[in-house]
Amino acid sequence: MGDAMLTMGVEEEFLLLGPDGAVVPSAPYVARLARAGDQVKPEFLAFQLETTTAVCTRLDQLRKELVRLRLRAGDAARRAGANLVSVGAPPFAAGPLGAVTDETRYREMAGHFPGAVVAGSACACQVHVGVPDRDLAVEVLARIRPWLPALLALTVNSPFAGDRDTGWASYRYHLQQRWPTFRPPGAWAGAARYDRVVRSLVGTGAAYDPRAVYFLARLSERYPTVEVRVADACLSVEDTVFFAAVVRALVATLIEDARHNITTLPIPTGVVDAHLMTAAHGQVRIRRGRTPDATSPAAAGAVARLMTKVAPALAAWGDADDVYASLDRLRREGTGADRQRRAWVRAGSPEGFIDFLANATAGATAAHK
């Protein structure tokens, strides 16, 4: 890679659940108990909490940040009588699922999009990669479009909702489509065009404000970063570290492609949407190895092609061993959705299932069984 190692940071969204799986609308109180400033704060719904890591350059730094924040937030949640759980959607239909956090912006958003309030219960893992040149960052957004289904396939972690298996691997993806701007970014020519699109979406009422333009990858409103938002909340810290490493390597690779004017065939949004739907249903296989199966269908070979694409960046930055060990674990143990489904069968009760989720979130060995 031509540049110094790109910076990265992660925002993780969590649910606060009682022992029986009911949502616990105490996020503002839990955030105060955590005493971590803006690194632990309430989200849109009152049973959601968000953590934000410091800016990192190494995977070991990021891992320590994620562990520290999950432990701090988890301890505060327990003191408030709740469990901190990292899944993409509430698994049980219990508790005040429509409880909006009592902040002006959130109340007005709920009034503006009443049909999307239930979608607000979905939780994501958002990876920021430092790209200060906004024109270059917009080009990265255009080039990342075909890779979004593979990124979702690696992180599906919301098979349950309403006390049942939904049949989705990422029910969150299904829920989030209620937001008008939850879609892949366009192939826009530069930051000025990107900004005009955002202003138009806000002006026409498709988004409450620029922060509420929920492209699956976007320019951050707060940081000089490309923000990749396609992923479900990751079950374990190792899942998050793996995903962040892949995203950073992909962004770095796409920057190099842009600088060398490597052309890519335009992919219609309808095709990207169809592949995202395939990934959300859990129909993208995650194979062992670093090269694609040339005989596999387009969607099925997406992850293998992604790993081939990012291999040079992973090797250049010393992340390859870590990432491929995580990929092998994912192949053996399955995605977060796979692990949840096995735990659901073993648990035998909501209490047992919530205990599994809380332990996995905290980093207990249950996360890797």
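I looked up strand β9 (residues 225–232) and found it mostly covered, with eight of its eight residues buried. Buried means under 20% relative accessible area, exposed over 50%, and partly exposed in between (1.4 Å probe, protein chains only). Strands (E, at least two residues) and helices (H or I, at least four) are DSSP runs, numbered from the N terminus.

I noted that this is a predicted model, where local features need pLDDT of at least 70, side-chain atom pairs count only at pLDDT 80 or more, and totals for chains, interfaces and linings use all residues. Residues are numbered from 1 along each chain as its sequence is written, and side-chain values use heavy atoms, with hydrogens and water left out.

Next I checked pairing, which takes at least two DSSP bridges between two strands. Strand β5 (residues 124–130) runs antiparallel to β9, joined by six bridges. Val127 stands opposite Val228 in β9. Strand β8 (residues 217–219) is also antiparallel to β9, with three bridges. Here Arg218 faces Glu227. A hairpin of five residues links β8 to β9.

**Helix α5**

Is α5 enclosed or open? I found eight of the eight residues of α5 (residues 148–155) buried, so the helix is largely enclosed by the rest of the structure. Among them are Leu148, Pro149 and Thr155.

**Two loop residues**

I then looked for positive phi outside glycine. Arg35 has phi near 50°. Arg35 sits in the loop between α1 (27–34) and β2 (40–42), and is exposed at 70% relative accessible area. Asn261 has phi near 55°. Asn261 lies between α8 (237–259) and α9 (269–280), in the loop, and is exposed at 62% relative accessibility.
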